[in-house]
Structures are given as structure tokens and as C-alpha cells.
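Dear colleague,

I am handing over the structure we spoke about, with the sequence alongside. Please look through it first; my notes on what was found follow below.

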Amino acid sequence: MSRTHRRVTQALVAAAVLLGAAAAVAARPTTAYAAAAATINGSTVLQPIDGFGISEHFGRAKIMNGSQGLSAQRQREILDLLFSRSTGAGLSILRLGIGSTANTSIQPADPGGPNATSRYVWNRDDDGQVWLAKQAQSYGVSRFYANAWSAPGYMKDNGDEANGGTLCGLSGTSCVSGDWRRAYANYLVQYARFYAQEGITINDLGFTNEPNWTTSYSSMRFTPAQAVEFAKIVGPIASAAGLRVTCCDVVGWSGQRAYTSAIVADPEAHRQVGLHTGHSYGSYPTSPLPVTGRNTWMSEWSPDGDSWNEAWDDGSGYDGFRVANEIHTALTGGQVNGYVYWYGASTGTTRGFIQMNGDGYRVSKRLWAMAAYSRFIRPGANRIGATTSDGNLRLSAYRNGDGSVVVVALNAASSANQVSYALQNIGISTGTASPYLTNGSASMTAQPAIAVGGGTFTATVPARSLVTYVIRGGGTVTTPPTTTPPTTTPPTTAPPAGCRVTYTNNSWNTGLTASITIANTGTTAVNGWSLVFTLPAGQSITSGWNASYSPTSGQITARNASYNAAIPVNGSVNIGFQANHTGNTATPASFTLNGSPCAVG
């Protein structure tokens, strides 16, 4: 992404935007729709959610830190807008740009060849990004993705950190200076080590950005085959440093497919790449990437446009409604696990969320389109089933680790829509649904709470509006135990006559995430449960969701949370955890639920 806005795909994107805007106008009904029905089904467990984020690369973090006159008070206001979970977007991912220019590189000068002793330098500022990372961390952000647009010029066959070129040593290149592949891998890992010195843990490390495009600023080319080749070099080096390798941030989602397919086809590259990332310029995440056992992110996009835009729904294609629609499509069509917008705050005719200008700033409705998802759908949540009878209602639902259920409804019709929501298999029979409204006159504005009774509630989504419902129980179908029973205490009801466990994991380098579905195939409901299994040697749980886990290795007992103690006959619950491993990514061989063996598979 350029320091201004990309023009490279403008023709393609502009055409798509115009066609989309025209179709949207043509599709808007002129008469009111009848009341719609919607079903939220907790037994349909879809992708886990890693979070939502932004980048402030190319000096935008430094501007936010006052390099162009922004005062401390305004800094705090902008930070609140981006990261606060009570008044802002509550973003949970920060994408960092690994610099390659003489002013931003951690090794600006050639040390004397690829095998020479490295001469790294660290200014503890990194173009303002260290300050911003620490600020984000103070709001609770713990997912940091560092991504390189290019290697330093002396490592490339064109001798320039800009204008494309290829890393020396890759197949198909010829460089008098030699093979820089391993030196570049060490360079990337050293960047993460410098951040660790500042108290920031980089989780995900990307070695390329838009490898299929040449630009006049920082850029470097990789073919899919070259990406596979380098992944097998950088992977072990990154893994030894506790880092997960990410690839490949291709310009368009359809272009990313070729890179993902090439990586998946090579067993070693597939093992080394823990996260697949693609951009949305020109083609969008309408279907998943061709990868299993790995998470995927839409890692950069902002709509094209010729001027700063603060509108919610003006038909321009770069307003708030457009952003909300693209996020919905990526989550439901692309089934992405993470969504990272481009700039959170920038200057001039930015397509970012916030426009900075001296000691002032303005806020676009695009920010609140993101906030409708990011503030309440937290890392570790799972998308769950959400269906509706109304084709104009773009609906999705999520269950957080704290038991809350979040339903996001985008009404594309020109008339208000009354919707009756049926809550199935989410463990909430009575409680409240708290709506937050975004449209031309409201920006994530809290609305009066709606009572949930009998597992249903009815609410109206205004025309061309976005509403987020945060649903919390005030009572459940069955009452969970008031205290967590010790391992030796029997369950509150007899164990089921049958149970089945489905276990899947997603591993990378030294880590993995596991998803466990516990299905009651017996004839009696379960009220309070504990699932016992043994982790393979070398695996150790670091965090979990929808259950408590004890101990962290060896024989594990997972106990229900307060909101998922009940498993009705033919019902199920989903739990999961993240763990470290030392190379053994095998799955547990057996499971027992409340002392009864479960079928597996």
C-alpha cells in the first residue's frame, strides 16, 4: 500500500465499486418488507476469530505521536477511538511494517555480503511504531503482525528496495553479491527480537507484501514457487525464535489462491506457514482460501475514492456502509479468521478511519462500521450459525469466550425490518439483547435493551442501518453448578449413555490451536460436565476458551463454563485451546465425559 492511496488497481476497483453501487441502488425495495425470521444456532460452530486490526505503516504512527502537531490530548482521543472497548472500535490486531529504506531499515548498509557479520541498528522508535505498539498494548492488544514490503536494496537483484526486484538467491535470480536468503530471514527475525526488547511480542512474521505487484515505493517480487522456497528457509529460523510465518499478502484475494495452493502442495512449506493472508484490492474474500488446518486473514483493504468521506451511505462505494458490507462478506463468504483494515488514522484524502490534520482530526463512519464487529467480537470467539428469511438482511453471529453472543445485522433494504430472532443451542433462554446502532445519525449508539424470553427476542433494524446485538443470559434453560466441582466429584446428573468428541487442530512451528466439539448422543441431558483427555508429549496449553483446563500438560480435565454446562440430548458444545508443542502435533487418543468413554471422530 502506498503512502498516499494505491492507484495501481484503481480501474478494476472503481469499476467494481460502480457496478456494486448501481446494483445496490437497483436492488433497494420501494415497499416495506414483512417481518423476517432469523435463527441463531450455537451448535453450528464455524471459524474461530483472531481479531480485527489496522496498520499505521509509512510514518502514520509518527504523525499520531505528534510529529505534525497532534497534541497529547488529541493522541489519546484517537487512540481511544481505535482501541477502546467501551467508546471506540476495540481493535485487537496491530500490523507493523518492517522498514527497508535507509531511514527505516534495521541494517541500512550492506554489511559486506550475505555471509558477513550483521551490523544491525535499533533506534527504539521504528518510525513511531514502537510507541504505537506500546499504546495498543496498554488497551489490551496482544496480537502484533510484522510484515516486510521489501528486503533492503543490497539484498535484491535490482539493488533497490523499491521498484520490485527479487531477493538474491531465489530460483531464477542472478546476483553478483551472492545468496541473501538466509541473511534476509535472520534480518526479519532480528526485527522481532528488537520489539521483544521493548516489551512487545510479535506473533506473526510476514516476509512479503503484494509479491505480485511492482511499485515505485518499497516492493519486492515473489512467484508462488519462490514463496514456497523461501518459506522453507525462514520457517525454521522463525520457529526457533517462537515466531509464526505468514504468507503472502497478495494484492487480491483471488491472486492469493495461487500462493496458498503452492504452499499447501509442498508439505514442508505447508508445515512452516502458520497463517495465510490476502488483500482485497480488485477481488474480495467471497469464498475461503484453499487451505485446511490454517487460519486466514484479510490483511489489508480500504475502498478507493477521490476525496475524504465521512458519510454512512452516500452511494460512493467508499462510505461506511460499503466497509460494513465488505467485513460481513469476508467473515461469512471468505470465512476469514481475522480482518485487518489499512490505515486507522492518516492525513489528506485518506480512506482510513480517521483524518488527522495538525492538532485536529475528523472521523469517518467507516470507523463505526468496523467497530460494530470489532468492539464486541473478541479474539477466541467462534462464528456460529445465523440464518434469515430476508435476503436484504446480512446477518452473522458469534459466541465469545465469556459466554456472550454477538449478532450483527446489516439491513440493505430502504425500509425498516422487524426481525424475530430464535436463539438455539446457545444456553440463553432469558436475558437481554443490547443493541448498538450505526447509520447516518448514529455511531455505535447504545439503544434500549431488549428482553430475551423463551430463547427469542424481536427487534427492528432501521433502513440501511447496521445493528450489533450483544446477548447475555439472565437465566438459562438449565441451571449450571454454582461452583466448579473437583475432579473426584461426580456430575450433578448421571452421565449420558453416549457421547462423541470431534477434535481438530491447526499447528504451526511451535504452536497449535485445538477445537473440540462434545456431542451428547445419549438419552439424557447433561447438566455439568468434565472432559478428560491426555495431551501428547511435548504439548502444553497456554490459553483456552469455553472451558477451564487443568493442569496444562499431561492428563487434562476440561470443565464447563457457567454458560455451557447443559448439553441437551442430540446437542453439543464447542471448546478449544491454544498450546505450545515441541514438534509432536498428534491428537489425544481418547476422551471421557463425566467418567464415560466417548466415541472419537
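In this predicted model, helix α2, which spans residues 60–67, packs with helix α4, residues 129–138, at an angle of about 80°, and the axes of the two helices lie 8 Å apart. Because angles of 65 to 115 degrees count as roughly perpendicular, α2 is placed in that class relative to α4. On the α2 side the contact is made by A61, M64 and N65, while α4 contributes Q129, W131 and L132. Sorted by class, the residues in this contact of α2 with α4 comprise 4 nonpolar and 2 polar ones, with no charged residues.

Turning to the protein as a whole, the secondary structure consists of 10 helices and 33 strands. The radius of gyration is 25 Å, close to the 25 Å that the globule rule gives for 601 residues, so the protein is as compact as a globular protein of that length. Taken along the principal axes, the box filled by the C-alpha atoms has dimensions of roughly 75 × 60 × 45 Å.

As for burial and surface, 58% of the 601 residues are buried, and the protein exposes about 21,300 Å², of which carbon and sulfur atoms supply 51%.

Definitions and conventions: Residues are numbered from 1 along each chain as its sequence is written. This is a predicted model: local features need pLDDT of at least 70, side-chain atom pairs count only at pLDDT 80 or more; totals for chains, interfaces and linings use all residues. Side-chain values use heavy atoms; hydrogens and water are left out. Axes are lines fitted to C-alpha atoms, for helices over the stretch in contact, and angles run from 0 to 180 degrees between N-to-C directions. Helices (H or I, at least four residues) and strands (E, at least two) are DSSP runs, numbered from the N terminus. Angles under 35 degrees count as roughly parallel, over 145 as roughly antiparallel, 65 to 115 as roughly perpendicular and the rest as oblique. Contact means heavy atoms within 4.5 Å. Ala, Val, Leu, Ile, Met, Phe, Trp, Tyr, Cys and Pro count as nonpolar, Asp, Glu, Lys and Arg as charged, and the others, Gly among them, as polar. The radius of gyration is taken over C-alpha atoms; the globule rule is 2.2 Å times the number of residues to the power 0.38. Buried means under 20% relative accessible area, exposed over 50%, partly exposed in between (1.4 Å probe, protein chains only). Accessible areas come from the Shrake-Rupley method with a 1.4 Å probe; for residues, only the protein chains shown count as cover.
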